[in-house]
Amino acid sequence: MAAVNVYLTFDGDCREAFEMYQKVFGVEIPYMGTFGEMPPQEGYELPEADKNKIMHVTLPVSQETSIMGSDITGQHREGFKMGNNFAISINANSKEEADHLFAGLADGGKVTMAMEDTFWGAYFGMLTDKFGVNWMVNYDDPAKMQQHP
């Protein structure tokens, strides 16, 4: 069965928040990457102001649970406000499970990023369901993850 975690979105203070959470929970952050570390995307120039913002961070708070997060950038800032700055993140056990969960949650909702293979090696998509809940669906294919440390 898929693992479920909370994914938080920040407006430029993700690093500060996760450094505080790290102290509160007494655990180390295994990964924190910036937008500036992403490979270039065709047709998109990353603004200089966004390069040091956090693209993704994970903080394991228990054996089963992690808090994840990122900063919001560019056109994605439209509609951002405190209170809607989280999503439920699902880590599926297979690509088929990811597709099934995504399709079911997207029924009647709005897909913001269709399921696709990503540059970081995951199969990933985002949506808002018909009840206004934000979801992220992810599958880490072990064969692909070995290629992307």
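Reader: Which residue does Lys-53 meet in a salt bridge?
Author: Asp-50. This is a predicted model, and in it the two side chains meet with N to O at 3.2 Å.

Reader: Ok, and is Lys-53 buried or exposed?
Author: Lys-53 is buried, because its relative accessibility is 16% and the cut-off for buried is under 20%.

Reader: Switching to hydrophobics. Which residues touch the most other members in the largest nonpolar core?
Author: That core has 13 residues, and the ones with the most such contacts are Ile-90, Ala-98, Phe-102, Met-115, Leu-127 and Val-137.

Reader: Which helices or strands supply at least two residues of it?
Author: Helix H2 (95–106), plus strands S7 (122–128) and S8 (134–140). H2 gives the most, with four residues.

Reader: Zoom in on Val-137 for me. What does it touch?
Author: Leaving out residues up to four places away in sequence, Val-137 touches Ile-90, Ala-98, Phe-102, Met-115, Tyr-123, Phe-124 and Gly-125.

Reader: And what lies apart from that core?
Author: Another core, of ten residues. Ala-17, Phe-18, Ile-29 and Leu-59 are among them.

How values were computed:
Residues are numbered from 1 along each chain as its sequence is written. This is a predicted model: local features need pLDDT of at least 70, side-chain atom pairs count only at pLDDT 80 or more; totals for chains, interfaces and linings use all residues. Side-chain values use heavy atoms; hydrogens and water are left out. A nonpolar core is a set of buried Ala, Val, Leu, Ile, Met, Phe, Trp, Tyr and Cys residues joined through side-chain atoms within 4.5 Å. Buried means under 20% relative accessible area, exposed over 50%, partly exposed in between (1.4 Å probe, protein chains only). Contact means heavy atoms within 4.5 Å. A salt bridge is a side-chain nitrogen of Lys or Arg within 4 Å of a carboxyl oxygen of Asp or Glu.
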